[in-house]
Amino acid sequence: MGPFTDLDLTAQATAMLKQDGYEPRQRPASGAVPDGYMVVIRRLKNEADQARVVGRLNRGGLDDAFAIPKLEDGYAVSVGLFTQLRRAERRGQVVDNMGFKSEIVERTRPGTVYWIDFDLKTPAAGAADPFTKTADPSQKVQVVPCPGSAAVG
């Protein structure tokens, strides 16, 4: 189960699994750790488009806008980096009100993530499925094969 980026959430999930009769084993691994949000204007045609957009945003009071290197789908402009999604959404609304189409991109950085390994069992009739519970309602839960599970002893 995972990946978790927070040891407290990992411990909560481990405790929930133990409570449901599982024998969870925590293990750290390298992975992508959330690192905030970037508001961008994408799919620009060229560097001249980037310069035009940056100039217009600067004139509109957004002086932290800057051209970023070409992406797979074209050129883009960053319109701010944020640690909170709500602040990124507010910036995106300001950009949209200026006549652009903004996108919010979740940023990640390499770091340590935590996985919880445990052996599945068939739930008893009427028993609660531990996969329907989460310690944090904002967490997404899905069952996928564990990367690196062959190394688990």
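Student: How many aromatic pairs does a search of the whole structure find?
Tutor: The search finds 1 aromatic pair. Tyr 22 and Phe 118 form it, edge-to-face, with 5.1 Å centre to centre and 75° between the planes. Rings of Phe, Tyr and Trp (its six-membered ring) pair if their centres lie within 6.5 Å; planes under 30 degrees apart count as stacked, over 60 as edge-to-face and the rest as tilted.

Student: What should I know about the model itself?
Tutor: This is a predicted model, where local features need pLDDT of at least 70, side-chain atom pairs count only at pLDDT 80 or more, and totals for chains, interfaces and linings use all residues. Residues are numbered from 1 along each chain as its sequence is written, and side-chain values use heavy atoms, with hydrogens and water left out.

Student: Is Tyr 22 buried or exposed?
Tutor: Tyr 22 is buried, at a relative accessible area of 8%. Phe 118 also counts as buried, at 14% relative accessibility. Buried means under 20% relative accessible area, exposed over 50%, and partly exposed in between (1.4 Å probe, protein chains only).

Student: Now the strands. What is their order in the sheet?
Tutor: The sheet is open and has 4 strands in the order E2-E3-E1-E4, with antiparallel pairing. E2 and E4 stand at the edges with a single partner strand each, so one side of each has no neighbour in the sheet. Neighbouring strands are turned by 40° against each other on average, direction ignored.

Student: What counts as pairing here?
Tutor: Two strands pair if DSSP finds at least two bridges between them.

Student: How many bridges join E2 to E3?
Tutor: There are 4 bridges between E2 and E3, which run antiparallel. A hairpin of 2 residues joins these strands, and Ala 67 stands opposite Val 77 in E3.

Student: And E1 with E3?
Tutor: E1 and E3 pair in the antiparallel sense over 5 bridges. Leu 44 has Tyr 75 in E3 as its bridge partner, and Met 38 has Leu 81 in E3.

Student: How many residues of E3 are buried?
Tutor: In E3, 8 of its 9 residues are buried. Tyr 75, in strand E3, is buried at a relative accessible area of 17%.

Student: What does Tyr 75 touch?
Tutor: Not counting residues up to four places away in sequence, Tyr 75 touches several residues, including Ile 41, Arg 42, Asn 46 and Gln 50. Contact means heavy atoms within 4.5 Å. Tyr 75 and Arg 42 are 33 residues apart in sequence and 6.3 Å apart in space, C-alpha to C-alpha.

Student: Let's switch to H2. How far does it reach?
Tutor: H2 (residues 47-59) has 13 residues and reaches 18 Å from its first C-alpha to its last, close to the 18 Å expected at 1.5 Å a residue. The expected span is 1.5 Å times one less than the number of residues.

Student: What is at its start and just after it?
Tutor: At the start of H2, a side-chain oxygen of Asn 46 comes to within 3.1 Å of the backbone nitrogen of Ala 48. Just after H2, Gly 61 takes a positive phi of about 100°.

Student: Which residues in H2 are buried?
Tutor: Asp 49, Gln 50, Val 53, Val 54, Gly 55 and Leu 57 are buried in H2. What covers the buried residues of H2 includes E1, strand E2 (66-71) and strand E3 (74-82).

Student: What does Gln 50 do with its side chain?
Tutor: A polar atom of the Gln 50 side chain lies 2.8 Å from the backbone oxygen of Ile 68. Gln 50 is buried, with a relative accessible area of 5%.

Student: Last one: what does the side chain of Arg 27 make a polar contact with?
Tutor: The side chain of Arg 27 makes a polar contact with the side chain of Asp 117, at 2.5 Å. A polar contact is a pair of N or O atoms within 3.5 Å; within protein, one must be able to donate a hydrogen and the other to accept it, and residues adjacent in sequence count only if both atoms are side-chain atoms. Arg 27 lies in strand E1 and is buried, with a relative accessible area of 14%.

How values were computed
Axes fitted to C-alpha atoms, helices over the stretch in contact; angles between N-to-C directions.
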